[in-house]
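These are my notebook entries on one structure. I looked up pairs of charged side chains and the packing of helices.

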Amino acid sequence: MILMSPPCQPFTRIGLQGDVSDPRTKSFIYILDILPRQVVPMKQQFLQTPQQMRGAVSAEFTSSNRLERLPKYILLENVKGFETSSARNEFVQTLEACGFKYQEFLLSPTCLGIPNSRLRYFLIAKLHSEPFSFQASDQILTYFPDQESNNSVKYKVPLGLEKDNSSTLAEEENLVPNSGFDCGERQCSPKEAFLFKLETMEEMKRKQNQDNDFSMQVLKDFLEGDSEKMSQYYLPPKSLLRYAFLLDIVKPTCRRSTCFTKGYGHYVEGTGSVLQTAEDVQLESVFKFIETLSEEEKLKKLSTLKLRYFTPREIANLHGFPPEFGFPDKITVKQRYRLLGNSLNVHIVAKLISLLIR
């Protein structure tokens with residue numbers, strides 16, 4: 001089995017999108033090169049054009065470093081955007097030449113009832129001699145084969161991730177994880193007047209619909225208990241004043257959170273949701289007319305929300321890491337956020353592997 005997650009920078013929407021010309025794709029291309037191609041049966045050779053036959057011979061014998069035999073299973077993960085890349089095209093062409101059948105997905109943990117948007121591209125492949133347990137499609141699936149195509153079926157993740165815990169598919173428009181600040185990425189039309197905190201009526205309704213989706217788990221199922229160490233995660237006054245209008249703020253009772261990136265805890269805008277621990281305070285009462293206040297008065301109002309970052313352990317919980325998972329003490333909080341921001345959701349990958357070997 002080959003499990004791979006090639007560097008995503010060549011394919012991200014906000015990057016240069018260098019694709020196969022980006023040097024960081026070399027390791028991925030190397031994996032494709034060492035997969036042994038199947039010898040074309042004699043009967044099929046007569047059905048091929050001379051150009052196709054030359055290509056088959058070239059593909060069969062150009063590499064002396066190829067694996068002696070093909071792996072039975074392959075799983076690849078990358079960012080949304082990989083599905084339209086040249087690297088993806090080369091990948092599926094190689095899979096076909098090697099005799100694999102495959103299925104592509106765009107999946108987020110929300111399809112399993114986990115309240116965190118983290119849309120990622122996945123591909124699973126197995127040799128033709130090992131049939132899939134489901135009917136493969138040439139379309140990219142946005143749900144698991146045993147779920148309904150409208151994503152109305154979701155799966156609960158077992159609770160008890162933390163001993164101190166007290167106690168699930170949200171809307172992801174156009175399959176793009178919500179950023180918490182949509183107007184930063186698009187121009188808001190005149191009909192989309194800001195209500196408060198730079199949020200439109202459309203944005204408010206979308207978030208309300210997510211929080212009313214009772215097939216999703218609530219965030220408090222993934223949170224650590226209160227302790228003295230939580231003080232280090234509260235947003236500093238400077239960040240509150242500068243970025244308050246850009247924050248995606250959620251409460252423990254919410255059933256949504258935005259994608260946590262490797263810049264979480266260091267950068268504020270677009271890196272992940274922050275937690276409002278003062279649950280009885282209404283956001284509208286804090287943000288309405290706040291722009292008319294002095295900095296001191298603004299800070300006083302914003303401080304009533306008691307906003308903090310999710311801890312690394314809480315993000316690990318949302319990613320599906322088991323309770324016994326932990327970082328070495330020498331790994332700083334910043335480094336933990338970076339590692340988790342580059343991580344995968346364990347439950348998504350586990351379900352895909354089970355589809356592969358079933």
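Entry 1: I began with Arg120, which is buried, its relative accessible area being 14%. I worked from a predicted model. I applied the cut-off for burial, which is under 20% relative accessible area. I then looked up Glu77, which also counts as buried because its relative accessibility is 6%. The side chains of Glu77 and Arg120 form a salt bridge, with a distance of 3.7 Å from N to O. I noted where the two partners lie: Glu77 is in strand E2 (residues 73-79) and Arg120 is in strand E4 (residues 120-127). They are 43 residues apart, and the pair links distant parts of the chain.

**Entry 2: a pair between a helix and a strand.** Next I looked up Arg88 and Glu104, whose side chains meet in a salt bridge at 2.8 Å, N to O. Arg88 belongs to helix H4 (residues 86-97) and Glu104 to strand E3 (residues 100-107), so this pair ties together parts that are 16 residues apart in sequence.

Entry 3: I turned to Asp248 and found a salt bridge to Arg256, in which the closest N and O atoms are 3.4 Å apart. Both Asp248 and Arg256 are buried. For the model I recorded a count of 13 salt bridges.

**Entry 4: helices H1 and H4.** I returned to H4 and examined how helix H1 (residues 26-34) packs against it: the angle is about 15° and the axes are 10 Å apart. H1 is therefore roughly parallel to H4, since angles under 35 degrees count as roughly parallel. The crossing of H1 past H4 is left-handed. On the H1 side, the contact is made by Phe28, Ile29 and Leu32. On the H4 side, I noted Ala87, Glu90, Phe91 and Thr94. Sorted by class, this contact of H1 with H4 has five nonpolar residues, one polar and one charged.

**Entry 5: helices H9 and H10.** I then looked up helix H9 (residues 312-319) and helix H10 (residues 333-341), whose axes come within 10 Å and cross at roughly 15°. H9 and H10 are therefore roughly parallel to each other. H9 passes H10 in a left-handed crossing. Which residues make the contact? From H9 they are Pro312, Ile315, Ala316 and His319, and from H10 they are Val333, Arg336, Tyr337 and Leu340. By class, I recorded six nonpolar residues, one polar and one charged in the contact of H9 with H10.

**Entry 6: a residue in a loop.** Lastly I looked up Asp138, which lies in the loop between E4 and helix H5 (201-211).

Definitions and conventions: Residues are numbered from 1 along each chain as its sequence is written. This is a predicted model: local features need pLDDT of at least 70, side-chain atom pairs count only at pLDDT 80 or more; totals for chains, interfaces and linings use all residues. Side-chain values use heavy atoms; hydrogens and water are left out. Axes are lines fitted to C-alpha atoms, for helices over the stretch in contact, and angles run from 0 to 180 degrees between N-to-C directions. Helices (H or I, at least four residues) and strands (E, at least two) are DSSP runs, numbered from the N terminus. Angles under 35 degrees count as roughly parallel, over 145 as roughly antiparallel, 65 to 115 as roughly perpendicular and the rest as oblique. A crossing is left-handed if the near helix is turned anticlockwise from the far one by less than a right angle, and right-handed if clockwise. Contact means heavy atoms within 4.5 Å. Ala, Val, Leu, Ile, Met, Phe, Trp, Tyr, Cys and Pro count as nonpolar, Asp, Glu, Lys and Arg as charged, and the others, Gly among them, as polar. A salt bridge is a side-chain nitrogen of Lys or Arg within 4 Å of a carboxyl oxygen of Asp or Glu. Buried means under 20% relative accessible area, exposed over 50%, partly exposed in between (1.4 Å probe, protein chains only).
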